[in-house]
Amino acid sequence: MKRFVTILMGCAAALTMAACGTPEGPTPDGPNPNDPENPTTGEAGAAPYTIEVDKTTIEANGLDVATFRVLDAAGNDLCVGDDAKKVYIQNVTENVSLGRKVTTFNSIINGTFEFTATFKGIATQNSVTVTAQNRVQYEKYKQMICVYDLTGTWCTACPYMTTTFEKVYDGPWGDQMIVMAVHAAATATDPFAIPVGTSDLGGVMLGRFGGSGYPTVIYDFNDMVEGTHSESEVVELLRKQIIDYPSTCGVKISKATLSGGSISIEASMTSTADGDYDMGYALLGNGLKYDGGTEEDGIYDDVVVAVSPNFITMQKDSKFSAKEGVEQTKSWTIEGVGNADPSKLRVVVFVLREVEGGRVIVDNANVCAVGSTADYLLNE
């Protein structure tokens, strides 16, 4: 059974966000600046508003929830009724707003988080903290989400997604995301499209997962989003993967070297449960130059330039059964790299596994530069 999320865009994919107008609702960095009743700044202490929370400690499993209340001087909860839309709760630690009418917090990372709130733009007199703990009990290995960006150098809307991913990379969730730009020659020639039969890899993936246009983004083969989407939506989808499908293995890349026009890769996985898995690779290029495309600077990053045969699904001749705690090692050689600049190349090693109904998802992955290595990533 396929589970896909399709976000319908209010403007045609080819239009820029400026043409669509500014969407209503909070931004990732705080309350909606276009709402006159909820300016982004307030004068602390100007009114007797306070914030309370029902739990100061939660489990870092994404399911345990802390609930906030914002009270006026009479003890009335402003988070309910007509006043709720005028309350914004701010996660000070991560510098993000919980959003309009959102009064709960969960976490999939350990840490102590500070919260304040505003009502009609006036800040509460106090703050509260919530500590999330025991992440390792729910997921031993830190999960890296594979984000497959189906794109093209001819696609006028696709640069928007490039900018969005750059913002996520720069934020607190950047170290749990691996973007792989899979190019397609759908309406024009694309120098980065990888031929597959009479089509190309981008077109094959779009058809396999039921997409209808570009850009289309697929998260760990679980969720698909057609059209452009925002930084906050990307982060929410990253969180969703980790909550719904915790990783059952870790990935280590012990070798990724370029010599004589070939790249040699050696990688291992260790699982926390018995099961059937498959391991594969993708070679990514950064700073690839093409002046005939829609990127203003002509530079393309995260471009998939080579893949293993099991890039999309498990293969009979490469899948294996793993035992809990027993390390499995695989090696590959990528030929025909020539005199490529290793500083512009990265290797992604991913692990696939089957879930309900025989559906294949990405369990975990890791990435390193050519000439470097990447050890297992452990949760605290």
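Reader: What span should the 13 residues of helix 2 have, and what is the distance between its end C-alpha atoms?

Author: This is a predicted model. Helix 2 covers residues 158-170.

Reader: Which residues of helix 2 are buried, and what do they pack against?

Author: Cys-158, Pro-159, Met-161, Thr-164, Phe-165 and Val-168 are buried. The buried residues of helix 2 pack against strand 10 (145-151), strand 11 (177-183), strand 14 (216-219) and helix 4.

Reader: What makes Cys-155 and Cys-158 a disulfide?

Author: Their sulfur atoms are 2.3 Å apart. The cut-off is within 2.5 Å, so the pair counts as a disulfide. A disulfide is a covalent bond between the sulfur atoms of two cysteines. The structure holds one disulfide. The link of Cys-155 and Cys-158 is right-handed, with 80 degrees about the S-S bond. Cys-155 is buried, and so is Cys-158.

Reader: Why is Cys-79 called buried? And why Cys-249?

Author: Buried means under 20% relative accessible area. Cys-79 has 13%, so Cys-79 is buried. Cys-249 has 0%, so Cys-249 is buried too.

Reader: Why does Ile-58 count as buried, and what does Ile-58 touch?

Author: Ile-58 lies in strand 2 (residues 57-59). Its relative accessibility is 0%, which is under 20%, so Ile-58 counts as buried. Leave out residues up to four places away in sequence, and Ile-58 touches residues including Asp-64, Phe-105, Asn-106, Val-130 and Gln-133. Take Asn-106: Ile-58 and Asn-106 are 48 residues apart in sequence. In space they are 7.6 Å apart, C-alpha to C-alpha.

Reader: Why does Arg-239 have no salt bridge, with Glu-236 the nearest side chain of opposite charge?

Author: Arg-239 is found in helix 4 (residues 231-244). Arg-239 is buried, yet has no salt bridge. A salt bridge needs a side-chain nitrogen of Lys or Arg within 4 Å of a carboxyl oxygen of Asp or Glu. Glu-236 is listed at 4.0 Å, and no salt bridge is counted.

Reader: What else is Arg-239 in contact with?

Author: Leaving aside neighbours within four places in sequence, Arg-239 is in contact with Asn-106, Ser-107, Ile-108 and Trp-173.

Reader: How many helices and strands are in the protein chain, and what share of its residues count as buried?

Author: The protein chain has four helices and 25 strands. Of its 380 residues, 48% count as buried.

Conventions. Residues are numbered from 1 along each chain as its sequence is written. This is a predicted model: local features need pLDDT of at least 70, side-chain atom pairs count only at pLDDT 80 or more; totals for chains, interfaces and linings use all residues. Side-chain values use heavy atoms; hydrogens and water are left out. Helices (H or I, at least four residues) and strands (E, at least two) are DSSP runs, numbered from the N terminus. Buried means under 20% relative accessible area, exposed over 50%, partly exposed in between (1.4 Å probe, protein chains only). Lys and Arg count as positive and Asp and Glu as negative; His and the chain ends are not counted. Contact means heavy atoms within 4.5 Å. The expected span of a helix is 1.5 Å times one less than its number of residues.
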